[in-house]
Number of protein chains: 2
Amino acid sequence: MSNDLFLRACRREEIERTPVWMMRQAGRYLPEYRAVRAQTDFLTLCKTPELAAEVSIQPVDILGVDACIIFSDILVIPEAMGMELIVEEGAGGPQFPSPIRSRAEIDRLTVPDPTRELWFVMDALRLVRQRLQGRVPLIGFSGSPWTLATYMVEGKGSKTFRYIKELLYVHPKDAHALLDKLARAVAAYLTAQIEAGAQAVQIFDTWGGILPPDEFKEFSLRYIEQVLKLLRRNGAPVIVFCKDCGHSLEAIADAGPDVVGLDWTVDIGKARMMIGSQVALQGNLDPTLLYAPPERIREGVKKILEKYGKGTGHIFNLGHGILPDVPVEHARAFIQAVKEESPKYHR
Amino acid sequence: MSNDLFLRACRREEIERTPVWMMRQAGRYLPEYRAVRAQTDFLTLCKTPELAAEVSIQPVDILGVDACIIFSDILVIPEAMGMELIVEEGAGGPQFPSPIRSRAEIDRLTVPDPTRELWFVMDALRLVRQRLQGRVPLIGFSGSPWTLATYMVEGKGSKTFRYIKELLYVHPKDAHALLDKLARAVAAYLTAQIEAGAQAVQIFDTWGGILPPDEFKEFSLRYIEQVLKLLRRNGAPVIVFCKDCGHSLEAIADAGPDVVGLDWTVDIGKARMMIGSQVALQGNLDPTLLYAPPERIREGVKKILEKYGKGTGHIFNLGHGILPDVPVEHARAFIQAVKEESPKYHR
C-alpha cells in the first residue's frame, strides 16, 4: 500500500505525519457527487455497487484524503432485517413508515445474512479495493445497535426521542431483546465487510448522547462491546465514535476499540491524557469551522494538533460529518493544512 | 415565607427535604395553561401581567412545586433591543424575520431600560409575589448572552447553527461586540427582576453546548461571568444552567453562580464531587422519564437522590424543560416522589 498512514496511526505505530479523512466525505458538498445523484436516487446509489464505488473514491481523487470510506447508509441493516425504508428527496431524511412499537415487531425482525441480503455493500467494497490499487486504506462502517434501534423505533427524526425512551424506561427487556438482535446483525455485517475488503471499520453511535451516562452504558455501549466481541477483525482496526458521549470516554476505551472517535465538544488534549495510552484518537474539528476561510481553518487545525501534541495515535477528522453546504475549496484547505502542519509533531 | 426550602438549598443551608420544581413548569402539559392559551396567543400572554401571573402560579397550586418561576420567554430581550419577533402558532417556535447578519445591525441594537421596555415582566413579578403570599419563592430568568445571540443571528431553529458559527469563527470581534451588549442588557434585566420581586434568578444557556470547550468559555461563559459581575443580586441566589456543557463544570462553578444546573447527561454524583463544595446543584432527571409510569419515575428519582447523597445543596429538577405531552399525573408523581423519598438524606 502506497499510503498506510491511517492504518499505522490506528495501531499507534510511528508515522511521518497525521493522516486525515472526513466523516461523510463522499457527499453533497462535492459537485461530482451531486452529478451522480442527479441521475439516481439515494437508495439506488447505495444499492448499485458501480455507483457507490465511484462516489466512495471521489474524495480520494479530488481532495487527497488518507482513507476511503465506503459510501452507504446505516439504515440498510434495518431494511435487511425486514423493515420498509423510504428515502424521499428533500423530505428530511430517511423514514420507516412502520416503526417498531411492540415486542411482536421486535421478534419478527430477522438477523440478515449480510453476504446475501447486503450483497451490494460487499460488491461495492470489492470494487473500491480493486480500483484504489492500494493508494489508501478502505474503511467499512455500521451504525451502533442503539443508534439503529433509535431510528427503527422513532421511524423518523425526533427532537425528544419519546418512543425509544419509552421502550428503554418502560419496557427495558424489550429494548434489550432488540439491541441484542441488532448487535448480532451488526457484528455479522462488519465481519462480512472486513472479509469483502474493508481494512478498518467504524461504528457510528450518533444517538448515544441522548442518554444519561448510566443508560448510555447499559443500552448503547454494552452492545457496542458485544459487537466488538463477536466481530472477526482479522487485523482490521475498529473505530468507535459515540457523539455527545464525552462523559464516558474511559468506558468507551475499555469496551475494546482500537480508535475512539471524538466529536468537537471534547478537548482532544484531555482525552489523550485520559485514554491515549490505551487507544488512538480520531477527530475533532468543529465541522462548521469549514464555513470559515482557509486561513481560519488552518488555525483550527493547528490548535488541535497542538492539543494532541507529539507522537502517533491521532487520526485527524472532523468532529462530525462534513456539512453539505461547505465549499469544496474549504474542505481541500482543511486536508492540506493537516498535511502541512502535522509533520513537526512526528519528528 | 412558609416554604423557603428552595432558597435554603441554594445557599447550602440545612433543610428537611430536597426542594423540587421543573423548568417550563408553567406550560402546555397543564390543561389549565392550555385553557388560558386557547384565549390568547403566546406573546400576548407574555405581555399581559395578569395572565402571565395566573399561569406562573398554576403549577404551585396544581402540583405543589417548591418554587414558582415567572412565565415569560427569553426572546423578549432581543425584541426590546429592537428586533421584530414573531411567534406563529404551530410554526415551530419563535422567529426573527430579520436576523442579525452584519456589524451595522449589531451596532443598531440598543440596551433596553427593562423597567420601561420590559415593564410587563416586572409587573407580572410584582403580581405573582403578591398572590403567592410567601407560599414559595419566586424565580426570575433570562437567556444567556450567547443563547440570545444564537437566536438573534440564526433567526429561527437550526441544525447546524451556520450563521452564529460563521460570526464566531470569521468575525470574532463582531461576535464579542454583540455579546458584550447582550451581557449588559441581561444584567440590567435580571437586576430589574430582582428589584421587582424575584427572589432568585436563573440564566439559561440553551446553546452553550454547540461550541467546543474553549469557544464555550470564550463566547458563552465569559459573558455569563460578566452578567454575574454587573448584576446587583441583593441576596438573591443565581442559578446558571448550561445545557450540554458537562465538559466545563469546574469553569462554570468558578464563574460565580450560587447554583449550577445540570442536564441529564451529567452524573450528579460526580458533579458533586467536582464542584459540590463550591456551589449547590440543580437537576437532573431525564425529562423523557416522565413518559414512564409513576413507579418508574419514582425509581429514577431515588437513583438521583442516592447519587447526590446526604446533605444539603441539591435542588431537584428535570435535566431540561418538561415536555408538552407529559401526563399531568406523571408530573405530580415526580414532585411527590421527591418529597417522599428525600427526607432521609437530610437527617
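1. Two strands pair if DSSP finds at least two bridges between them. In this predicted model, strand β5 (residues 200–205) of chain B and strand β6 (residues 238–242) of chain B are joined by five bridges, in the parallel sense. One residue pair can be picked out here: Asp205(B) has Cys242(B) in β6(B) as its bridge partner.

2. Seven strands of chain B form an open sheet with parallel pairing. Their order is β1-β4-β5-β6-β7-β8-β9. Which strands stand at the edges? They are β1 (68–69) and β9 (314–318) of chain B. Each has a single partner strand, so one side of each lacks a neighbour in the sheet.

3. A helix covers part of this sheet. Helix α14 (residues 268–275) of chain B lies across β7 (259–261) and β8 (280–285) of chain B. Against β8(B), the helix runs at about 165°.

4. Next, a helix pair in chain A. Two packed helices are described by the angle between their axes and the distance between the axes. For helix α4 (residues 49–63) and helix α8 (residues 119–132) of chain A, the axes come within 8 Å and cross at roughly 50°. Angles of 65 to 115 degrees count as roughly perpendicular, those under 35 as roughly parallel and those over 145 as roughly antiparallel, with the rest oblique; α4(A) and α8(A) are therefore oblique to each other. The crossing of α4(A) past α8(A) is right-handed.

5. Which residues of α4(A) meet α8(A)? On the α4(A) side they are Pro49(A), Glu50(A), Ala52(A), Ala53(A), Ser56(A) and Ile57(A). On the α8(A) side they are Phe120(A), Asp123(A), Ala124(A), Leu127(A), Val128(A), Arg131(A) and Leu132(A). By class, this contact has nine nonpolar, one polar and three charged residues.

6. The two chains also touch. How many residues does each chain bring to the contact? Chain B gives 24 residues and chain A gives 24 residues. On the chain B side, helix α10 (residues 162–170) supplies the largest share, five residues. That side of chain B has twelve nonpolar, six polar and six charged residues.

7. Last, a single residue. Arg222(B) sits in helix α12 (residues 213–230) of chain B. Is Arg222(B) buried, exposed or partly exposed? Burial needs 20 or more C-beta neighbours within 10 Å, and exposure 12 or fewer. Arg222(B) has 18 inside 10 Å, so it counts as partly exposed.

Methods
Residues numbered from 1 in each chain as written. Chains lettered and ligands numbered in written order. Predicted model: local features only at pLDDT ≥ 70, side-chain atom pairs only at ≥ 80, totals over all residues. Helix = DSSP H or I, 4+ residues; strand = E, 2+ residues; numbered from the N terminus. Contact = placed C-beta atoms within 7 Å. Nonpolar A, V, L, I, M, F, W, Y, C, P; charged D, E, K, R; others polar. Axes fitted to C-alpha atoms, helices over the stretch in contact; angles between N-to-C directions. Left-handed = near helix turned anticlockwise from the far one by under 90°.
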